[in-house]
Every structure is written in C-alpha cells, then in structure tokens.
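Please look over the chain shown below before reading on.

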Amino acid sequence: MNLAVFASGRGSNFLAIAKAVKSGKIKISLALLVCDNPGAPVLDKAKRLGIKVALVKRQDFVSKKDFETRIIQHLKENKINLIAMAGFMRMLSIDFVRAYRNRIINIHPSLLPSFKGGHAIKDAFFYGAKVAGVTVHFVDEEMDHGPIILQSVIEIKEKDTLDSLEKKIHKIEHKLYPQAIKLIVQRKLKLVGRSVRIKAG
Ligand code: GRF
C-alpha cells in the first residue's frame, strides 16, 4: 500500500506518521507528501526524512479543477491508494472525494460532530466544554464529516489553559493517527452504513 499525506503547515502529524512507518509499526510506504504552501515547515521535515514532495500551489492554476487534476497526476504517478489529510487547508472537491472514496482519511482536533472547522480546540475551550478530543474519520463530501474510525476523549481540567489543552490534544493526535492507518493497512475496518466496525484480532 502507498500512502500520501496532505499537509499545509507544521506537519507534526506527518512526522508522527513517518516515524511509525519508519519504525515498522505500520507496514505501508509513505510515498508522497502533497503540500500547497511553499512556506510550510512540513516541507523541511519531508526533506530531512527523504520523503518525496509534490508542492502544488493553487495560484499556479486557473481553476480548482486544474489544481486537483495536477494533484491526482502525482497520486497516480506514485501509485497512491491511501490519502491521509493532516492539516491540509483546502477542501477537496466532490469529484476528488468520489474518485478516492473510502481511501481518504482526516484527523480533526475535536470530538466530531462537535466543533468542526479551523479553530476546533479554541472553540471547545472557550465554549466551556468539559471534554475535548480527537477524531480520525473517512472523508466525504462535507467538511470534517464522514464515517468515524477512531476517537479519543480527554477531560478539560479547570487548570488547563488553551496552550496546555492544545499540547495534550496534539499528543493524542500523534498516537491516534498512526493507529487508524494501521487498522486500514491490516484491513481491520468494515464500513456498515455510516459506521466503521473494527474487526477483532
Ligand atoms: C492538527 O491539529 C489536525 O488535527 C488538524 O490540523 C492540525 C495539523 O497540525 N487537521 P500539524 O500540521 O500536523 O502539526
């Protein structure tokens, strides 16, 4: 199986996945990083690890369709059959999602369906939620939506600050995402309607 990670920013999840692959915890080839942001720190991380990068900038294309066609070319060239979105700051089109249905996963720093969007941790914290968490899910046509693979919950304590909560959540992400990818690689997931069943063993 060949994995592509899509990221636009820091790349801490990319790094966590890369480490899990390198250590042999996940038997998959991390074949490609797709990035749309030339200033993203994730690019240096990929370079240091010797992972191939496709830097595809939206502004180089007239339409979103052309932009995605170029990305799909890279995916085909590298025989990608699983895509892990890790802080990729662009919504994929319906056509893209349909072309890779059930082969795109995403990580989101909240307990979906609560707190969708780009400021999930902050939103949960200032909402006064008592618990927060992380979701890994299959991507469908809606934002931060689709069958849930794994979730992890943590309590928001009174002594937590936004900063401490963010740190705890990212730490959870770095475990949960490799775990979810491993389940896919081991073919342990079964989609039943909207639910993802995890086979035992
Ligand atoms: C993570 O919090 C992830 O859940 C969200 O975007 C952030 C990416 O962080 N989708 P990083 O670039 O992996 O450090």
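What percentage of the 201 residues in the chain do buried residues make up? Buried residues account for 49% of the 201 residues, where buried means under 20% relative accessible area, exposed means over 50%, and partly exposed lies in between (1.4 Å probe, protein chains only).

## Basis of the model

This is a predicted model, in which local features need pLDDT of at least 70 and side-chain atom pairs count only at pLDDT 80 or more, while totals for chains, interfaces and linings use all residues. Residues are numbered from 1 along each chain as its sequence is written, and side-chain values use heavy atoms, with hydrogens and water left out.

## Overall fold

The chain has six helices and nine strands, where helices (H or I, at least four residues) and strands (E, at least two) are DSSP runs numbered from the N terminus. The radius of gyration of the chain is 17 Å, close to the 17 Å that the globule rule gives for 201 residues, so the chain is as compact as a globular protein of that length; the radius is taken over C-alpha atoms, and the rule is 2.2 Å times the number of residues to the power 0.38. Along the principal axes, the C-alpha atoms fill a box of roughly 50 × 40 × 35 Å.

Among contacts between residues at least 6 apart in sequence, 63% join residues at least 24 apart, contact meaning heavy atoms within 4.5 Å. The chain exposes about 10,700 Å², of which carbon and sulfur atoms supply 53%; accessible areas come from the Shrake-Rupley method with a 1.4 Å probe, and for residues only the protein chains shown count as cover.

## Charges and salt bridges

The chain carries 36 positive and 18 negative charges, whose mean positions are 9 Å apart. In this count Lys and Arg are positive and Asp and Glu negative, with His and the chain ends not counted, and the place of a charge is taken as NZ of Lys, CZ of Arg, CG of Asp or CD of Glu.

A search of the whole structure finds five salt bridges, each being a side-chain nitrogen of Lys or Arg within 4 Å of a carboxyl oxygen of Asp or Glu. One of them joins Glu141 and Arg101, with the closest N and O atoms 2.5 Å apart. Glu141 lies in the loop between β6 (131-138) and β7 (148-155) and Arg101 in the loop between α4 (94-99) and β5 (104-108), so the pair ties together parts that are 40 residues apart in sequence. Glu141 is partly exposed at 24% relative accessibility, and Arg101 is also partly exposed, at 38%. Arg98, Arg101 and Glu141 are linked in a network of salt bridges.

Asp163 and Lys167 form a salt bridge with an N to O distance of 2.8 Å, and, being four residues apart in helix α6, they are separated by about one helical turn. Asp163 is partly exposed at 43% relative accessibility, whereas Lys167 is exposed at 54%. Lys168 and Asp160 meet in a further salt bridge (2.7 Å, N to O); here Lys168 is partly exposed at 32%, while Asp160 is buried at 8%.

Glu68 lies in helix α3 (residues 64-77). Glu68 is buried yet has no salt bridge, and the nearest side chain of opposite charge, Lys64, is 4.3 Å away. Leaving aside neighbours within four places in sequence, Glu68 is in contact with Met91, Leu92, Ser93 and Phe96.

## Backbone geometry in loops

Most residues other than glycine have a negative phi, and most peptide bonds are trans. Lys79, in the loop between α3 and β4 (82-85), has a positive phi of about 50 degrees although it is not a glycine, and this residue is exposed at 60% relative accessibility. Asp144 likewise has a positive phi of about 50 degrees without being a glycine; Asp144 lies in the loop between β6 and β7 and is buried, with a relative accessible area of 13%.

A cis peptide bond joins Leu112 and Pro113, with omega about 15 degrees, and Pro113 lies in the loop between β5 and α5 (120-127). Another loop residue, Gln186, sits between α6 (162-185) and β8 (189-192) and is partly exposed, with a relative accessible area of 38%. Gln186 and Ile28 are 158 residues apart in sequence and 9.9 Å apart in space, C-alpha to C-alpha.
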